[in-house]
Each structure stands twice: as C-alpha cells, then as structure tokens.
Amino acid sequence: MNDASALADAVAALRAGGVIAYPTEAVWGLGCDPDDEAALTRLLRLKARDPAKGVILVAASIAQFAPWLEGLTAAQRAPLEASWPGPTTWLVPDNGRAHALVRGEHDRVALRVSDHPLVIALCEAFGGPVVSTSANRAGEPPAMSADEIRRVFGDTLDGVLEGALGGLERPSTIRDLATGQVLRS
C-alpha cells in the first residue's frame, strides 16, 4: 500500500468514528475525531484511561485550532505562536468548544501544533485536529513501533498509519497558558 492510500485509509477510519494509531514526535499515538463521543469513549476504553484526565489534541497548524482559541487575546496567543509548530502542548482555557471527554475534569484543553510530517499530513487530510494520546494501556510504557501497537492492541484498532517517529526522546512539554508553569518536561 502506498503512502497516499494509507493516509486516505486512516482519514476514512477517523471520519467513520474509528480509532487509529500513528507515529508522533517521540512515541506512537492513538487518535480519533475529537468531536465524536463514541470514538472518544472507545479510545479511552482501549487505553483503560480515566476519562477525568482528558486527552491532547494535535493539529497541522495554529489555524486548525481557531475555534478552540477564540476569545484569547493577542498576548495570550503570543507564546503559542512562538512555540508552534513544535513539541510544546499548551493547556488553554476551554471556551466551550472542547468535548467533555477531551477536556476531562479540567477547565482547559491541551493543544499542540505538530512539526511531524506524517501528523501534519494526517491533520491536513482530515481537515482539522485529531486526538493524540500515547498508544498504550494506562500505566504501561507507550508503544515505540507499529509492531508494538499490534502486540498491545491486536485487531481492536481501525487503522495503523505506518511511519517513523520524529526523533524526540520524550513526549511534548506541557505548559499552562495562564501561569506559564511547566507541568511535564
């Protein structure tokens, strides 16, 4: 299967409410449509992740996050624009746009604009952000290859978008936009 058809298959799975795996900057991720409640519920169940924790959304560009960033001032947007694309996830005040399962028990939503070529291609082809949470069961280390994905999740996923990791040694830094505090480095 060529890259274009693999990407098309992954996008079709997302649009059909599926859960897929794909490589990110540092680890493999699980993704779904961030507005599809059934897909979000299934993704959390596959990971055995507490829904109160929420999940990260990843996009190809800051423009794809426009609905989530409405209401931010230019000063609030400045650190986002300065660090994206790149390995920084920002906790941004939720303006009501984020699904409750994306936000979890928080009043903020976790957003990252990726610089990983395959993640960018996926989000561009999908037409917006996708969920990006580490591909693992809760408490286990994240998968580092497509083979590990298949070993952990078997045939429970709707697609595995093959590709290389982005070369980072650890997942993105998480920062709180309101305080600037680093919550994960």
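Visitor: What order do the strands of the open sheet have?

Guide: The nine strands run β7-β1-β2-β6-β3-β5-β4-β8-β9, with mixed pairing. A strand here is a DSSP run of E with at least two residues, a helix is a run of H or I with at least four, and both are numbered from the N terminus. Two strands pair if DSSP finds at least two bridges between them. Before we go on: this is a predicted model, where local features need pLDDT of at least 70 and side-chain atom pairs count only at pLDDT 80 or more, while totals for chains, interfaces and linings use all residues. Residues are numbered from 1 along each chain as its sequence is written, and side-chain values use heavy atoms, with hydrogens and water left out.

Visitor: Which are the edge strands?

Guide: Those are β7 and β9 (182-184), and each pairs on one side only.

Visitor: In what sense do β4 and β8 pair?

Guide: Here's the general idea: strands of a sheet pair through backbone hydrogen bonds, either parallel or antiparallel. In this case, β4 and β8 (residues 173-176) go parallel, over four bridges. Look for Leu91, which stands opposite Asp176 in β8.

Visitor: Is Thr88 buried or exposed?

Guide: Buried means under 20% relative accessible area, exposed means over 50%, and partly exposed is in between (1.4 Å probe, protein chains only). Thr88 has 14%, so it counts as buried. You'll find Thr88 in strand β4 (residues 88-93). Skipping residues up to four places away in sequence, Thr88 touches Ser83, Leu111, Arg112, Ser172, Thr173 and Arg175; a contact means heavy atoms within 4.5 Å.

Visitor: Now a helix. Which residues of α7 are buried?

Guide: First the general idea: an α-helix has 3.6 residues a turn, so residues three or four places apart point the same way. In α7 (residues 146-153), the buried ones are Ala146, Ile149 and Phe153. They sit on the same side of α7 because they cover an arc of only 50 degrees around the axis, taking the directions from the axis to the C-beta atoms. On the other side, Asp147 and Arg151 are exposed.

Visitor: What do the buried residues of α7 pack against?

Guide: They pack against β1 (20-23), β2 (28-31), α2 (37-47) and β7 (159-160). After α7 comes Gly154, with a positive phi near 55 degrees.

Visitor: And where does Phe126 lie?

Guide: Phe126 is in helix α6 (residues 117-126). Its relative accessibility is 13%, so Phe126 counts as buried. Leaving aside neighbours within four places in sequence, Phe126 is in contact with Val11, Leu14, Arg15, Asp33 and Pro34. Ala10 is 116 residues from Phe126 along the chain, and their C-alpha atoms are separated by 8.8 Å.
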